[in-house]
Amino acid sequence: MNPTCQSGVDLLMDYLEGVLAPGVQASLEQHVAGCARCTAFVASYLETTRVIRDVTAVPLPADREKALLEFLRSRTK
Amino acid sequence: MVAAERDDTDEGLAARAADGDASAFEVLVKRYQARVFGLACRLTGSEDDAADVLQDAFLQAFRHLGSFRGEARFGTWLYRIATNAALMHRRSRARRPAEPLDAFLPAFDDAGVHRATPEELRVASRVEELLDRQSLARKAREAVDRLPESYRTAFVLRDLEDLPTGEVAEVLGIEPAAVRQRVHRARLLLRGYLNALAGACP
């Protein structure tokens, strides 16, 4: 099988999780290694998750933590 | 009982809490409250809503401790309760239908080759250099909010809360292949969105 950029993109997550048949996995790897567009695409695909995880993280404020404990103590007696 | 013999695993604490040990339940709350709050923020898109979900999820967990039999890990069981609570909360709010992100999917020519150049495809990787953190955080939350619910839920659990695919499948009661399909679609849409965001920067 000779993957195209499009068929490679379709299988990208399966590829990254290592759940494809070994032959398919190898042919995708070969395609990406020789394709500047796919190399750029895969890098930005991975970056997307990291960036969104970083910027959407919200720590639990101390007052909300206190309110939770008080709420649970009042409701679980 | 000697302290060293106590089972302080999640499951051990859950068993003691189910037998009426309030302090055991509080240890579990402290252990998971930040993660449940983070999950709820990302699923509801609002800190105030997330605070309600946090209370609701732990109260439901407490009330159903008797039905937790240790078939799943405690964390997986709690994530399931919290995810459902967040989805119920979200559905109870009247919202304007979100504009879909479909325009941001990658485009290919007839031969299946990316239409964009490598430089254009790489722009999403530079979004942090091009936008200030506050604007980027707001835009990222808006984009996650615009995903279809099934994609958003799977993406938040898998990629933002960093649960393994198999555990997300357990939380959602779907097959791992379905988790991968939903997360992949979400990643494609969000990647294209970030790319457009960064590409539009001067």
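Helices here are DSSP runs of H or I with at least four residues, strands are runs of E with at least two, and both are numbered from the N terminus. By that criterion, chain B contains ten helices and zero strands.

Before going further, a word on conventions. This is a predicted model, in which local features need pLDDT of at least 70 and side-chain atom pairs count only at pLDDT 80 or more, while totals for chains, interfaces and linings use all residues. Residues are numbered from 1 along each chain as its sequence is written, and chains are lettered from A and ligands numbered from 1 in the order in which they are written.

I turn to chain B. Its C-alpha atoms fill a box of roughly 70 × 35 × 35 Å along the principal axes. Of its 202 residues, 43% are buried, that is, have 20 or more other C-beta atoms, placed from the backbone, within 10 Å of their own C-beta.

The domain assignment, which is of automatic or database origin, gives domain 1 (7-92) and domain 2 (102-199) in chain B. The centres of these two domains, taken over C-alpha atoms, are separated by 27 Å. Each domain of chain B contributes eleven residues to the contact between them, where contact requires C-beta atoms, placed from the backbone, within 7 Å. On the domain 1 side, H4(B) gives the most, with five residues.

Next, the interface between the chains. Chain A supplies 35 residues and chain B supplies 45. H4(A) gives the most to the chain A side, with 14 residues.

How do H4(A) and H10(B) pack, in angle and axis distance? Their axes lie 9 Å apart at an angle of about 85°; axes are lines fitted to C-alpha atoms over the stretch in contact, and angles run from 0 to 180 degrees between N-to-C directions. H4(A) is therefore roughly perpendicular to H10(B), a term covering 65 to 115 degrees.

In this contact, residues of H4(A), including A:Tyr45 and A:Ile52, meet residues of H10(B), including B:Arg187 and B:Leu194. The contact residues divide into five nonpolar, four polar and two charged; Ala, Val, Leu, Ile, Met, Phe, Trp, Tyr, Cys and Pro count as nonpolar, Asp, Glu, Lys and Arg as charged, and the others, Gly among them, as polar.

Finally, H10(B) itself. Its 24 residues reach 34 Å from first C-alpha to last, close to the 34 Å expected at 1.5 Å a residue, a span calculated as 1.5 Å times one less than the number of residues. Because 18 of those 24 residues are buried, H10(B) is largely enclosed by the rest of the structure.

Notes. A residue is buried if 20 or more other C-beta atoms lie within 10 Å of its own, exposed if 12 or fewer, and partly exposed in between; C-beta atoms are placed from the backbone. Two residues are in contact if their C-beta atoms, placed from the backbone, lie within 7 Å. Angles under 35 degrees count as roughly parallel, over 145 as roughly antiparallel, 65 to 115 as roughly perpendicular and the rest as oblique.
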